[in-house]
Amino acid sequence: MATVNAPDSDMPDDLGVPLPEQKVVHSGPRLSIDAPLSSIAAAPAGRAVLDHDLPGLCERPEFGMFKGMSLKALAGMSGGRITTAKLNQVQADLIKVNYVVSDAR
C-alpha cells in the first residue's frame with residue numbers, strides 16, 4: 001500500500017477544526033398520545049404528526065367533541081379505526097418532535 005504525502009497546501013482549511021458541540025434539548029411542551037388532542041394540534045410539530053399519521057382527523061366535524069380527549073382514549077372508542085400500530089407510530093413521531101439538536105454554546 002502506497003503512502004500519500006500531500007503537502008499542507010493541498011489540505012482543506014477546516015481540517016482539524018473541532019466540530020461544534022451539540023446537545024439534544026427539549027423543544028417545548030411534551031407531546032404524547034396521552035396528551036389532549038387539542039394540545040397536540042396546537043403545537044405546529046404535533047399538528048404535523050397528526051396530519052401525517054392520521055390525515056383528516058383534525059378536520060373532522062366531531063373534532064370539537066373529542067379534542068379534550070387523549071389519542072389513546074379516542075383509539076379505544078374508534079371501533080378499531082385507530083389501531084395499536086397507528087398509536088405506536090404517532091407516539092414514535094411525537095417523541096421525535098419533542099426534542100431538537102442544537103449547538104451547545
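**Figure 1. Overview of the protein chain.** The protein chain contains 5 helices and 2 strands. The model shown is predicted. Along the sequence, these elements come in the order β-α-α-α-α-α-β. The protein chain has 105 residues, and 27% of them are buried. Its accessible surface is about 7400 Å², and carbon and sulfur atoms hold 57% of that area. Of the contacts in the protein chain with a separation of 6 or more, 67% are between residues 24 or more positions apart.

**Figure 2. The aromatic pair in helix H3.** The view shows Phe63 and Phe66, which both belong to helix H3, residues 63–66. They stand 3 residues apart, about one turn of the helix. A pair of aromatic rings is described by the distance of the centres and the angle of the planes. The count of aromatic pairs in this model is 1. That pair is formed by Phe63 and Phe66, with 5.6 Å from centre to centre and 85° between the planes. The arrangement is edge-to-face because the angle of 85° is over 60 degrees. Both Phe63 and Phe66 are buried.

Figure 3. Leu37 is part of helix H1, which covers residues 37–42. Its relative accessibility is 0%, so Leu37 counts as buried. Leaving out residues up to four places away in sequence, Leu37 touches Leu50, Leu57, Phe63, Phe66, Lys67, Met69, Leu71 and Leu74. Both members of the aromatic pair, Phe63 and Phe66, are thus among the residues that Leu37 touches. Leu37 and Leu50 are 13 residues apart along the chain, and 9.1 Å separates their C-alpha atoms.

Figure 4. Ile40 is another residue of helix H1. Ile40 is buried because its relative accessible area is 0%, and the cut-off for buried is under 20%. Apart from neighbours within four places in sequence, Ile40 is in contact with Leu31, Ser32, Ala35, Gly46, Arg47, Leu50 and Leu94. Leu50 is also one of the residues touched by Leu37.

**Figure 5. Ala75 in helix H4.** Helix H4 spans residues 71–76 and includes Ala75. With a relative accessibility of 10%, Ala75 counts as buried. Beyond its neighbours within four places in sequence, Ala75 is in contact with Ile82 and Leu87. Ala75 and Ile33 are 42 residues apart along the chain, and their C-alpha atoms are 9.8 Å apart.

**Figure 6. The largest pocket and its lining.** The largest pocket holds about 300 Å³ of space. Its lining is formed by Leu54, Pro55, Leu57, Arg60, Glu62, Phe66, Leu74, Met77, Ser78, Arg81 and Ile82. These residues comprise 7 nonpolar, 1 polar and 3 charged. Phe66 of the aromatic pair is one of the lining residues. Leu57 and Leu74, also in the lining, are touched by Leu37. Ile82 lines the pocket as well and is in contact with Ala75.

**Figure 7. His52 in helix H2.** His52 belongs to helix H2, residues 44–53. His52 counts as exposed because its relative accessibility is 62%, and the cut-off for exposed is over 50%. His52 and Asp93 are 41 residues apart in sequence. In space, 9.6 Å lies between them, C-alpha to C-alpha.

Methods. Residues are numbered from 1 along each chain as its sequence is written. This is a predicted model: local features need pLDDT of at least 70, side-chain atom pairs count only at pLDDT 80 or more; totals for chains, interfaces and linings use all residues. Side-chain values use heavy atoms; hydrogens and water are left out. Rings of Phe, Tyr and Trp (its six-membered ring) pair if their centres lie within 6.5 Å; planes under 30 degrees apart count as stacked, over 60 as edge-to-face and the rest as tilted. Helices (H or I, at least four residues) and strands (E, at least two) are DSSP runs, numbered from the N terminus. Buried means under 20% relative accessible area, exposed over 50%, partly exposed in between (1.4 Å probe, protein chains only). Contact means heavy atoms within 4.5 Å. Accessible areas come from the Shrake-Rupley method with a 1.4 Å probe; for residues, only the protein chains shown count as cover. On a 1 Å grid over the protein atoms alone, a cavity is a set of points where a 1.4 Å probe fits but cannot get out, and a pocket is an open set with protein on both sides within 12 Å along at least five of seven lines; lining residues have an atom within 4 Å of a point. Grid points are joined across faces, edges and corners, and a volume is the space filled by probe spheres set on the points. Ala, Val, Leu, Ile, Met, Phe, Trp, Tyr, Cys and Pro count as nonpolar, Asp, Glu, Lys and Arg as charged, and the others, Gly among them, as polar.
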